[in-house]
Amino acid sequence: MRFPLWVRLFITFAALSVAGVIVLTLEQRRTFQRDFLAYVNQQATLRVENAAKQLGRRYEQTGDWSFLAGRPRTFDAYIEGRWTAADTPETEPEIRPPRPPDDAPQRSDERLPRQDGVRPVSPIDDPPPLRTEDGRLMPRPKFAARIDALSLPSRVALIDDRGHRVIGNPAVPANSPSVPIRVGAEVVGSLLLAPQPALNNDLDVAFVRSQMSHAVMAGVAVTIAALFAAWGLARWLLKPVKTLGVRMEQLAAGDYRARIESGRTDELGELARNYNRLAETLTRNQDARRRWGADIAHELRTPLSILRGEIQAMQDGIRPLSKPSLDSLQAECSRLTSLVDDLYQLSLADAGALTYRFETVDFNTLVADVEREYHASLRDAGLALETALSREPLMVRLDTQRMSQLIANLLVNSERYTDAPGVVRLTTSCLGSGSSSRVLLTVDDSAPGVQTELLPKIFDRLFRVDGSRNRAAGGAGLGLSICRSIAEAHGGKLVASASPLGGLRITLSLPAATGMHP
């Protein structure tokens, strides 16, 4: 099944949101248990350190650990912070185990050597088994069988300075972290603190489940909000795309008048503006194609009509078959041939089929050769040809034949549309230096000039400034179009502007050849 694009975007946003919530929940569960245990252990260590200070003060008063012997409740009170050195433990009766049998292994009373004034702690000695009066073994207290996950006293054991257990949970491992008990600078004992075990009792599980339920509820809320946002965002993003699709269908059907009204500044807004520019370009091309067809038909019809009229006049005997009549027919045939040749050149340029043979030549030499060829023709038309060529060589990579054709067309254009007496001036120069330098050719002529608003159109095909289709000045308005095609093939550019001589200025810009010295 093929889903619309907005549905696929919505599903993608929804899947990403749900996956993100699941990953966040699992990571929160893992880090919560780890950080919570670390926090509990840190708090327990602080409480044990405080208990060690209180026990040290009490030991300093009594001189030994007899005040704790057989009194687990008193020890628990110290650990939990409910007992101070000012209190007395006489309220709790002493619980002493029966005397061990004579064959029980004896403990060594030898003290361990000191290191740097601090006596190291030895492993906890297992307490002797408790026996009843008839000699039977007594079961261990329940609190010693396991370490409660939340009860701090059940995780603490007290050993003396020789490493022997005094009181506390015997299940506390001997390698547990220890907190020394000091009297002055002397270590008189240590409190062993078993690390907090994994959370596994009912209270722990309930707490974790509570946190997880809150996280799941928050995740569900975020997911629902994300789904609504994704739905609205997908529709909002694809609304201009849908409009663009409708307009493209109209464009493909030949309706170039359709436009997209969009005030957006993002990529979709730029896409809409690009569509509008495309539609405008197609509209202009369609109008130009229609004008192009009409103009070509008119340009071909004019010499054909003259030829047909003169031939018919000769056939009817109205005009004698003489040399002047044949010369007139020859002139119209030449004009028609020139028009067809120009059209053929433009068609080749449009198809990219014009052949070029590039070589590096001195542009000044090429301009001088063309100037000598057309000097007499311009003089006969009442125009003075002036040249101002650069003194330095201007090396350009070009096709000599095509570039000569371009310069010749520019001179012919000035000859046709400049009033006599007048002036035509050729100027060459170099702009910039290095690899970015450009070679410039400027062709200026005297009056009449061209209106400013018409300057960008003079390179259009079959364009004439006066808008008429008479052939008094000659030419079909294709010469400058051919010049532009040749310039673009050389990587150059043609620009029209007003001339300081009162007529038209056309500037040709070409990239200079590598290694040219300006």
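Colleague: Is Asp369 buried, partly exposed or exposed?
Modeller: This is a predicted model. In it, Asp369 counts as partly exposed, because its relative accessibility is 37%, which falls between the limits of 20% and 50%.

Colleague: Which residue forms a salt bridge with Asp369?
Modeller: The partner is Arg372, and the closest N and O atoms are 2.2 Å apart. Asp369 and Arg372 are three residues apart in helix H6 (residues 363-380), so about one helical turn separates them. Arg372 counts as exposed, at 55% relative accessibility.

Colleague: How many salt bridges does the structure hold?
Modeller: The structure holds nine. One of them joins Asp327 to Lys323, with 3.1 Å between the closest N and O atoms. Both residues lie in helix H5 (residues 323-351), four residues apart, about one turn of the helix. Lys323 is exposed at 58% relative accessibility, whereas Asp327 is partly exposed, with a relative accessible area of 39%.

Colleague: And Asp160, buried or exposed?
Modeller: Asp160 is buried, with a relative accessible area of 9%. Its side chain meets that of Arg162 in a salt bridge (3.9 Å, N to O). Arg162 is partly exposed, with a relative accessible area of 22%.

Colleague: Which residues are linked with Glu270 in a network of salt bridges?
Modeller: Arg273 and Arg277 are linked with Glu270 in that network.

Colleague: Changing topic, how many aromatic pairs does a search of the whole structure find?
Modeller: The search finds four. In one of them, the ring centres of Tyr59 and Trp65 are 4.7 Å apart and the planes are at 50°, so the pair is tilted. Tyr59 and Trp65 are both buried.

Colleague: Why is the pair of Phe67 and Tyr78 edge-to-face?
Modeller: The planes of Phe67 and Tyr78 are at 65°, with the ring centres 6.2 Å apart, so the pair is edge-to-face; an angle over 60 degrees counts as such. Phe67 lies in the loop between helix H1 (5-62) and helix H2 (72-80) and Tyr78 in helix H2, so the pair ties together parts that are 11 residues apart in sequence. Phe67 and Tyr78 are both buried.

Colleague: Which residues form one aromatic cluster with Phe67?
Modeller: Tyr59, Trp65 and Tyr78 form one cluster with Phe67.

Colleague: Finally, which residues form a nonpolar patch on the surface?
Modeller: Val216, Val220, Ile224 and Phe228 form that patch, with about 380 Å² of accessible area together. Ile224 lies in helix H3 (residues 202-252) and is partly exposed, with a relative accessible area of 42%.

Key. Residues numbered from 1 in each chain as written. Predicted model: local features only at pLDDT ≥ 70, side-chain atom pairs only at ≥ 80, totals over all residues. Heavy atoms only, no water. Phe/Tyr/Trp six-rings, centres within 6.5 Å; stacked < 30°, edge-to-face > 60°. Buried < 20%, exposed > 50% of the residue type's maximum accessible area, 1.4 Å probe, protein only. Helix = DSSP H or I, 4+ residues; strand = E, 2+ residues; numbered from the N terminus. Patch = residues over 30% accessible without salt bridge, like charges linked within 9 Å, V, L, I, M, F, W, Y side chains within 5 Å. Areas by Shrake-Rupley, 256 points an atom, 1.4 Å probe, with all protein chains shown as cover. Salt bridge = Lys/Arg side-chain N within 4 Å of Asp/Glu carboxyl O.
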